[in-house]
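Please examine the sequence and the three-dimensional model shown below before reading on.

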Amino acid sequence: MRHGKYPFIAGFLVLPLALYVIFLISPYVQTIMNSFTNWGGFSNQAEFVGLENYKQLLQDDTFLKAVLHNAFFLLALPVITILLALFFAFLLNVGGRGGRAGVRGVFGSSIYKVVFFFPQVLSVAIIAVLWQELYRTDASGLINRIGIAIGFIDENKPWQFTNDPTPFLGVPSVLWWLLLVVVWASVGFYMVLFSAAMQSIPRDIYEAAMLDGATRIHTFFRVTLPLLRDSVSVAWVYIGFLALDMYVWVFVLTPQQGGPNHSSEVFGTVMLREAFNYGQFGYACAMGVAMAAFALVLGALQLSVGRRERIEY
Amino acid sequence: MATAFDTASTPAVTTGAPRSARRNRGGDGERGAGVLNFFSHGFLLLWGAMVVLPLLWAVASSFKTDAQISRDPLGLPTGLHWENFSNAWTTGRIGDLFFNTVIVVTGGVVLTMLLGSMVAYVLARYPFPGNRAIYFLFVAGLTLPIFLALVPLYQVVANLGATIPFLGLNSYAMLILVYVAYSLPFTVFFMHSFFRTLPTAIAEAAVVDGASHTTLFFRVMLPMAKPGLISIGIFNVIGQWNQWLLPTLLMQPQSGADEKNAMLTQGLIELSVNQGYQGDYGALFAGMTIAMLPILAVYVIFQRQVQAGLTGATLK
């Protein structure tokens, strides 16, 4: 086994490592370095300006707005998605034939899982375009037409969805409509995830609980939920990353990619506009670094809060 | 649609109740099971309809004329207007984009799996100086948002194209390599933990029989890692098929004479942006249907593997 170990290791590592460093690591490092320069276009003339870009960030109203909007998604998206997914996973698993210990699943639970999971396999591009049609602001959009048919939308004043900047609970309506789309697209995946986690809990735990006189609902809240802690914690991190991104949804579904009047800007839209429309590469890189720092702090927080002794079974 | 679901589920609820009563040995709590079942199906059907109806509506709309889509969005198509599909396929170029995407995703996934498991295997099974450092370099890629790389990535690819033309902007080979680079962190992370769990006894037996390191990997370890490869393979196929940000950045024609090598996702979004000017809603829905049905069909056939693959990969 000794002979030729190092040539073999090097042979297996060199190509993937080269690709990885060229296309991923080097852009990351360059972004960090560029963020301290005034690199402003394709001329490659960049001077070191220290923290100037970062100072400018703190006074950039559009950027600060975008941060607030991402923060809104960061708070609302995981809570709503996880609660809904847990609720559906509960409905799917707590019902079903009684008298047996363990999580069994209601009649047809695998069909529900297949259907709920549809949005997960569809491209975000398809979902975004589909919702653009559902959200059509004239009377031809699906939602407006159904609303008019039922009578809760006025035909002369169809809903404006992502064209509507008026605040609802202090947050522009357009953000709530975007939130709805992402929740629609994510709930199924996390329901299947939680459902799988529920079914991997061993039967004897339930049998013990039932011997102690626990009902089905009791066992769900006292046994199942606490044992899902790890899955929920992982889900939180993943959805957090979705909330920090949001770019494609804003790009497709809102007017002027972040409008109306900047009421739906997010990190991605502001940064890519600075870079590729205004040519402010150095400044855009500073935005990227700020966003990454945000993500890292968030991940670290989540890990330190979520860490607890793991239960093995 | 919803009523069809309701009638289908009613027998299940009624036959379920007496059976649960017969087997009942748990006490008071079980009496509520029938009510709970009814309640469960109600909410589950509601969400199921919210997922399925928009998709069905898009498919139905792809058979309507533009006038009908605007005038009567809730009605069923009066005839099967297949010209929407031919418009989307040729004028909207969905056909070309479809094949472009197949090429890139095939190349991207095959290469990701090969290179990813090679790295993961070496890092998991061979201690050498720098092993941990390389492992952490790959894992670091998992925690950083892609936006951190976008601006210089464009420059890197443009510069690369200046020296090696077939790896420049708007080239399939380049996009495949970029997909591989961005899929590596998760693939390495996942396969690394998988290779660590494989038993060493078989590997040792193979070495005693005279297998070289390379033979050992391709003939013994890789076949043993098949369940892991399937999970991460499904994960990568869906991820790369649905990728939109990277091709939007890197696959734009550089001049009017350049071929359009865009991906399906780009084409769809372009169609939806342009429909405001041209009003060809039929073609837009047909394009959506073409993009949607194959992946849904594959998913329904392999649903167990896909669900297990995606959720398993996430929980690792």
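The model is a predicted one. Chain B contains 15 helices and 0 strands. Of its 316 residues, 43% are classed as buried. The contacts within chain B may also be considered by their separation in sequence: among those between residues at least 6 apart, 72% join residues at least 24 apart.

B:Leu111 belongs to helix 5 of chain B, which comprises residues 94-125. When neighbours within four places in sequence are left aside, B:Leu111 is in contact with B:Ile176 and B:Val180.

B:Asn170 lies in the loop of chain B that runs between helix 7 (150-163) and helix 8 (172-197). Its phi is positive, at about 65°, although B:Asn170 is not a glycine. B:Asn170 counts as buried because 20 other C-beta atoms lie within 10 Å, and the criterion for a buried residue is 20 or more.

In chain A, A:Met246 is placed in the loop between helix 11 (229-245) and helix 12 (247-253). Here, too, a residue other than glycine has a positive phi: the value for A:Met246 is near 65°. A:Met246 is classed as buried because it has 25 C-beta neighbours inside 10 Å.

Attention now turns to the domains of chain A. Chain A is divided into domain 1, covering residues 1-28, and domain 2, covering residues 61-306. The C-alpha centres of domain 1 and domain 2 of chain A are 38 Å apart.

How many residues does each chain bring to the contact? Chain B provides 84 residues and chain A provides 89 residues. On the side of chain B that touches chain A, helix 2 (residues 33-61) of chain B gives the most, with 15 residues. Classified by residue type, this side of chain B has 56 nonpolar, 23 polar and 5 charged residues.

Definitions and conventions: Residues are numbered from 1 along each chain as its sequence is written. Chains are lettered from A and ligands numbered from 1 in the order in which they are written. This is a predicted model: local features need pLDDT of at least 70, side-chain atom pairs count only at pLDDT 80 or more; totals for chains, interfaces and linings use all residues. Helices (H or I, at least four residues) and strands (E, at least two) are DSSP runs, numbered from the N terminus. Two residues are in contact if their C-beta atoms, placed from the backbone, lie within 7 Å. A residue is buried if 20 or more other C-beta atoms lie within 10 Å of its own, exposed if 12 or fewer, and partly exposed in between; C-beta atoms are placed from the backbone. Domain bounds come from an automatic or database domain assignment. Ala, Val, Leu, Ile, Met, Phe, Trp, Tyr, Cys and Pro count as nonpolar, Asp, Glu, Lys and Arg as charged, and the others, Gly among them, as polar.
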